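Open the model in your viewer and keep the selection tool ready. The tour goes stop by stop.

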Amino acid sequence: MARFLAAAALLASPAAAYVAPGSGMPQRPSALPASSAAAQPVLFDFEEPAAEAQPTGAFGVLAAGFGVGAVLGWLNSHKQQVAGVAAAATVAMAPVAANAWVNYEGLEFLGGSDRVDINNANIQAYRQFPGMFPTAAAVICTHGPYDNVGDIFNIPNVDPKLTAIMKKYEKNYVCFPANPAYFIDRVNNGMYR
(Lines give C-alpha, C1' and ligand atoms only; values in the text may rest on other atoms or scores of the structure.)
Protein backbone atom coordinates (compact mmCIF):
# COMPACT_ATOMS: atom_id res chain seq x y z
CA MET A 1 0.00 0.00 0.00
CA ALA A 2 2.86 2.36 0.88
CA ARG A 3 4.51 1.76 -2.48
CA PHE A 4 1.28 2.51 -4.31
CA LEU A 5 0.88 5.80 -2.41
CA ALA A 6 4.51 6.75 -3.14
CA ALA A 7 4.10 6.00 -6.84
CA ALA A 8 0.84 7.98 -6.99
CA ALA A 9 2.46 10.93 -5.21
CA LEU A 10 5.41 10.95 -7.59
CA LEU A 11 3.15 10.81 -10.63
CA ALA A 12 0.94 13.59 -9.32
CA SER A 13 3.82 15.97 -8.60
CA PRO A 14 4.54 18.53 -11.33
CA ALA A 15 7.61 18.03 -13.49
CA ALA A 16 9.77 21.15 -13.42
CA ALA A 17 11.90 20.20 -16.41
CA TYR A 18 9.08 19.47 -18.83
CA VAL A 19 8.74 21.97 -21.65
CA ALA A 20 5.69 21.65 -23.85
CA PRO A 21 6.40 21.65 -27.59
CA GLY A 22 5.78 24.98 -29.25
CA SER A 23 6.08 26.99 -26.03
CA GLY A 24 8.68 29.59 -26.88
CA MET A 25 10.90 27.26 -28.92
CA PRO A 26 11.57 28.66 -32.39
CA GLN A 27 10.84 26.35 -35.25
CA ARG A 28 13.90 25.32 -37.26
CA PRO A 29 13.57 25.97 -40.96
CA SER A 30 13.45 22.82 -43.05
CA ALA A 31 15.85 24.07 -45.72
CA LEU A 32 18.15 27.06 -45.72
CA PRO A 33 19.99 28.45 -48.68
CA ALA A 34 23.63 27.35 -48.74
CA SER A 35 24.92 30.90 -48.26
CA SER A 36 22.77 31.72 -45.22
CA ALA A 37 23.16 28.39 -43.38
CA ALA A 38 26.69 29.12 -42.25
CA ALA A 39 26.12 32.82 -41.70
CA GLN A 40 23.08 32.69 -39.39
CA PRO A 41 23.31 30.56 -36.23
CA VAL A 42 20.06 29.19 -34.80
CA LEU A 43 19.41 30.55 -31.28
CA PHE A 44 17.08 28.88 -28.80
CA ASP A 45 15.18 30.76 -26.14
CA PHE A 46 14.77 28.75 -22.93
CA GLU A 47 12.33 29.71 -20.24
CA GLU A 48 13.08 29.40 -16.54
CA PRO A 49 10.61 27.10 -14.76
CA ALA A 50 8.24 28.84 -12.40
CA ALA A 51 9.21 28.76 -8.71
CA GLU A 52 5.88 27.18 -7.73
CA ALA A 53 6.47 24.21 -10.06
CA GLN A 54 9.41 22.90 -8.01
CA PRO A 55 8.51 20.44 -5.24
CA THR A 56 9.54 21.87 -1.88
CA GLY A 57 9.03 21.20 1.77
CA ALA A 58 8.18 17.93 3.46
CA PHE A 59 6.54 16.42 0.38
CA GLY A 60 9.72 16.80 -1.71
CA VAL A 61 11.89 15.30 1.03
CA LEU A 62 9.41 12.44 1.46
CA ALA A 63 9.37 11.74 -2.29
CA ALA A 64 13.18 11.79 -2.46
CA GLY A 65 13.33 9.44 0.53
CA PHE A 66 10.98 6.98 -1.14
CA GLY A 67 13.06 7.09 -4.31
CA VAL A 68 16.33 6.46 -2.47
CA GLY A 69 14.68 3.68 -0.46
CA ALA A 70 13.41 2.03 -3.63
CA VAL A 71 16.89 2.06 -5.21
CA LEU A 72 18.52 0.70 -2.05
CA GLY A 73 15.85 -2.01 -1.75
CA TRP A 74 16.42 -3.08 -5.34
CA LEU A 75 20.19 -3.20 -4.81
CA ASN A 76 19.70 -5.25 -1.63
CA SER A 77 17.51 -7.80 -3.40
CA HIS A 78 19.92 -8.09 -6.34
CA LYS A 79 23.21 -8.24 -4.41
CA GLN A 80 24.73 -11.13 -6.32
CA GLN A 81 23.92 -9.71 -9.74
CA VAL A 82 25.30 -6.28 -8.80
CA ALA A 83 28.44 -7.87 -7.33
CA GLY A 84 28.91 -9.95 -10.48
CA VAL A 85 28.59 -6.91 -12.72
CA ALA A 86 30.99 -4.94 -10.52
CA ALA A 87 33.53 -7.78 -10.56
CA ALA A 88 33.28 -8.16 -14.32
CA ALA A 89 33.71 -4.41 -14.80
CA THR A 90 36.75 -4.43 -12.51
CA VAL A 91 38.37 -7.27 -14.44
CA ALA A 92 37.56 -5.65 -17.78
CA MET A 93 38.94 -2.27 -16.73
CA ALA A 94 42.06 -3.58 -14.95
CA PRO A 95 45.29 -3.23 -16.86
CA VAL A 96 47.02 -6.44 -17.81
CA ALA A 97 49.77 -6.58 -15.22
CA ALA A 98 51.67 -9.81 -15.52
CA ASN A 99 54.99 -9.39 -13.77
CA ALA A 100 56.38 -12.72 -14.96
CA TRP A 101 58.41 -12.68 -18.12
CA VAL A 102 56.88 -15.52 -20.13
CA ASN A 103 59.60 -15.65 -22.79
CA TYR A 104 62.38 -15.79 -20.20
CA GLU A 105 65.31 -17.75 -21.62
CA GLY A 106 65.88 -19.71 -18.40
CA LEU A 107 62.25 -20.63 -17.76
CA GLU A 108 63.01 -24.35 -17.61
CA PHE A 109 65.55 -23.72 -14.81
CA LEU A 110 62.98 -22.19 -12.47
CA GLY A 111 61.85 -25.61 -11.27
CA GLY A 112 60.80 -27.50 -14.37
CA SER A 113 63.97 -29.54 -14.86
CA ASP A 114 66.73 -31.20 -12.85
CA ARG A 115 68.79 -27.98 -13.08
CA VAL A 116 68.04 -24.84 -11.03
CA ASP A 117 68.89 -21.19 -11.70
CA ILE A 118 70.38 -19.93 -8.42
CA ASN A 119 69.53 -16.27 -9.16
CA ASN A 120 65.90 -16.61 -10.23
CA ALA A 121 64.46 -19.95 -9.04
CA ASN A 122 62.06 -20.03 -6.12
CA ILE A 123 62.95 -21.87 -2.93
CA GLN A 124 60.45 -24.60 -3.88
CA ALA A 125 62.61 -25.58 -6.89
CA TYR A 126 65.18 -27.06 -4.49
CA ARG A 127 62.73 -29.66 -3.11
CA GLN A 128 63.88 -32.13 -5.76
CA PHE A 129 67.33 -32.34 -4.11
CA PRO A 130 67.23 -34.36 -0.85
CA GLY A 131 68.58 -32.36 2.09
CA MET A 132 68.47 -28.98 0.31
CA PHE A 133 64.98 -27.87 1.33
CA PRO A 134 64.37 -25.74 3.38
CA THR A 135 67.61 -24.70 5.10
CA ALA A 136 70.26 -24.92 2.38
CA ALA A 137 67.79 -23.63 -0.22
CA ALA A 138 66.95 -20.70 2.04
CA VAL A 139 70.63 -19.79 2.32
CA ILE A 140 70.92 -19.65 -1.46
CA CYS A 141 67.63 -17.76 -1.97
CA THR A 142 68.17 -15.14 0.73
CA HIS A 143 71.54 -14.09 -0.66
CA GLY A 144 72.63 -13.01 -4.10
CA PRO A 145 72.44 -12.10 -6.88
CA TYR A 146 75.36 -14.27 -7.87
CA ASP A 147 77.83 -13.84 -10.71
CA ASN A 148 78.56 -17.56 -11.01
CA VAL A 149 77.69 -20.84 -9.28
CA GLY A 150 80.85 -20.76 -7.14
CA ASP A 151 79.59 -17.63 -5.33
CA ILE A 152 77.14 -19.67 -3.23
CA PHE A 153 80.13 -21.31 -1.46
CA ASN A 154 81.40 -17.88 -0.39
CA ILE A 155 78.30 -16.92 1.64
CA PRO A 156 79.51 -15.93 5.13
CA ASN A 157 78.52 -17.76 8.34
CA VAL A 158 77.11 -20.88 6.67
CA ASP A 159 77.34 -24.17 8.54
CA PRO A 160 79.86 -26.49 6.80
CA LYS A 161 77.22 -29.25 6.72
CA LEU A 162 74.99 -27.02 4.58
CA THR A 163 77.92 -26.12 2.35
CA ALA A 164 78.58 -29.84 1.83
CA ILE A 165 74.93 -30.41 0.83
CA MET A 166 75.06 -27.50 -1.61
CA LYS A 167 78.37 -28.81 -3.02
CA LYS A 168 76.78 -32.24 -3.58
CA TYR A 169 74.35 -30.76 -6.14
CA GLU A 170 76.73 -28.21 -7.70
CA LYS A 171 76.39 -29.74 -11.17
CA ASN A 172 72.61 -29.09 -11.03
CA TYR A 173 72.96 -25.31 -10.63
CA VAL A 174 73.05 -22.71 -13.39
CA CYS A 175 73.55 -18.98 -12.98
CA PHE A 176 71.63 -16.60 -15.25
CA PRO A 177 71.54 -12.83 -14.63
CA ALA A 178 69.00 -11.86 -11.98
CA ASN A 179 65.66 -10.98 -13.55
CA PRO A 180 63.61 -8.52 -11.41
CA ALA A 181 60.38 -10.39 -12.20
CA TYR A 182 61.70 -13.61 -10.63
CA PHE A 183 64.44 -12.49 -8.23
CA ILE A 184 61.98 -10.74 -5.94
CA ASP A 185 59.88 -13.90 -5.49
CA ARG A 186 62.66 -16.36 -4.72
CA VAL A 187 61.73 -16.84 -1.04
CA ASN A 188 57.97 -16.26 -1.08
CA ASN A 189 55.99 -16.41 -4.29
CA GLY A 190 52.65 -16.91 -2.53
CA MET A 191 52.27 -20.53 -3.68
CA TYR A 192 51.96 -23.02 -0.84
CA ARG A 193 51.16 -26.71 -0.63
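Buried means under 20% relative accessible area, exposed means over 50%, and partly exposed covers the range in between. Keep in mind that this is a predicted model.

**Stop 1: asparagine 120.** Select asparagine 120, in the loop between strand 1 and helix 5. Is it buried or exposed? Its relative accessible area is 2%, so asparagine 120 is buried.

Now show its polar partners. Which side chain does the side chain of asparagine 120 contact? The partner is aspartate 117, in a polar contact of 2.7 Å.

**Stop 2: glutamine 124.** Stay in the loop between strand 1 (116-117) and helix 5 (135-142), and select glutamine 124. Glutamine 124 counts as partly exposed because its relative accessibility is 30%. Then pick arginine 186 and draw a C-alpha to C-alpha distance. The two C-alpha atoms are separated by 8.6 Å, while glutamine 124 and arginine 186 are 62 residues apart along the chain.

**Stop 3: the nonpolar patch.** Together, Val68, Val71, Leu72, Trp74, Leu75 and Val82 make a nonpolar surface patch of about 540 Å². Which element gives the largest share of the patch? Helix 3 (residues 57-77) does, with 5 residues.

Finish on leucine 72, which is found in helix 3. Its relative accessibility is 52%, so leucine 72 counts as exposed.

Terms used
Residues numbered from 1 in each chain as written. Predicted model: local features only at pLDDT ≥ 70, side-chain atom pairs only at ≥ 80, totals over all residues. Heavy atoms only, no water. Patch = residues over 30% accessible without salt bridge, like charges linked within 9 Å, V, L, I, M, F, W, Y side chains within 5 Å. Areas by Shrake-Rupley, 256 points an atom, 1.4 Å probe, with all protein chains shown as cover. Salt bridge = Lys/Arg side-chain N within 4 Å of Asp/Glu carboxyl O. Helix = DSSP H or I, 4+ residues; strand = E, 2+ residues; numbered from the N terminus. Buried < 20%, exposed > 50% of the residue type's maximum accessible area, 1.4 Å probe, protein only. Polar contact = N/O pair within 3.5 Å; in protein donor to acceptor, adjacent residues only side chain to side chain.
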